[in-house]
Amino acid sequence: VVTNSFHGLIFAVLYCRPMAVFTRKQAVCKINDLLALMGMKQFGLTTEGEEYQEIDYDEVHERIGEARKRSLDFLRMELELL
């Protein structure tokens, strides 16, 4: 998958597809933030001449799981305050 879309990045990761991301002005922050969260910063801002790197999707999905757990813990804590 070659994309400049935040949603394209999400679908590539969900379906464990090889990918490269070109950022665009409207989505640069959220794309870079998501790549950082998943430990995939090296896949952003791809330039001509770079070689494809294998993506360890097991590690990526583990990081996503950890972030999901932190989010759910936060929501549970906030709901207990009600």
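1. Buried here means under 20% relative accessible area, exposed means over 50%, and partly exposed is in between, with a 1.4 Å probe and protein chains only. Keep that handy for what follows. The model is predicted, so local features need pLDDT of at least 70 and side-chain atom pairs count only at pLDDT 80 or more, while totals for chains, interfaces and linings use all residues. Numbering starts from 1 along each chain as its sequence is written, and side-chain values use heavy atoms, with hydrogens and water left out.

2. First, the layout. The protein has three helices and two strands, in the order β-α-β-α-α from the N terminus. These are DSSP runs numbered from the N terminus: H or I of at least four residues for helices, E of at least two for strands.

3. On overall shape, the radius of gyration is 15 Å, whereas a compact globule of 82 residues would be near 12 Å. That radius is taken over C-alpha atoms, and the globule rule is 2.2 Å times the number of residues to the power 0.38. Along the principal axes, the C-alpha atoms fill a box of roughly 55 × 30 × 15 Å. Buried residues account for 28% of the 82.

4. Now Thr3, which sits in strand 1 (residues 2-3). Thr3 counts as buried because its relative accessibility is 11%. Leaving aside residues up to four places away in sequence, Thr3 touches Gly8, Leu9, Ala20, Val21 and Phe22; contact means heavy atoms within 4.5 Å. Its side chain also reaches the backbone nitrogen of Ser5 at 2.9 Å.

5. Have a look at Cys16 too, in the loop between helix 1 (6-14) and strand 2 (20-21). Cys16 is not a glycine, yet its phi is positive, about 55°. Most residues other than glycine have a negative phi. With a relative accessible area of 38%, Cys16 is partly exposed.

6. Glu54 lies in the loop between helix 2 (28-37) and helix 3 (57-80). At 69% relative accessibility, Glu54 counts as exposed. Glu54 and Pro18 are 36 residues apart in sequence, but their C-alpha atoms are 7.3 Å apart in space.

7. Last, contacts across the chain: of those between residues at least 6 apart in sequence, 49% join residues at least 24 apart.

Key
Polar contact = N/O pair within 3.5 Å; in protein donor to acceptor, adjacent residues only side chain to side chain.
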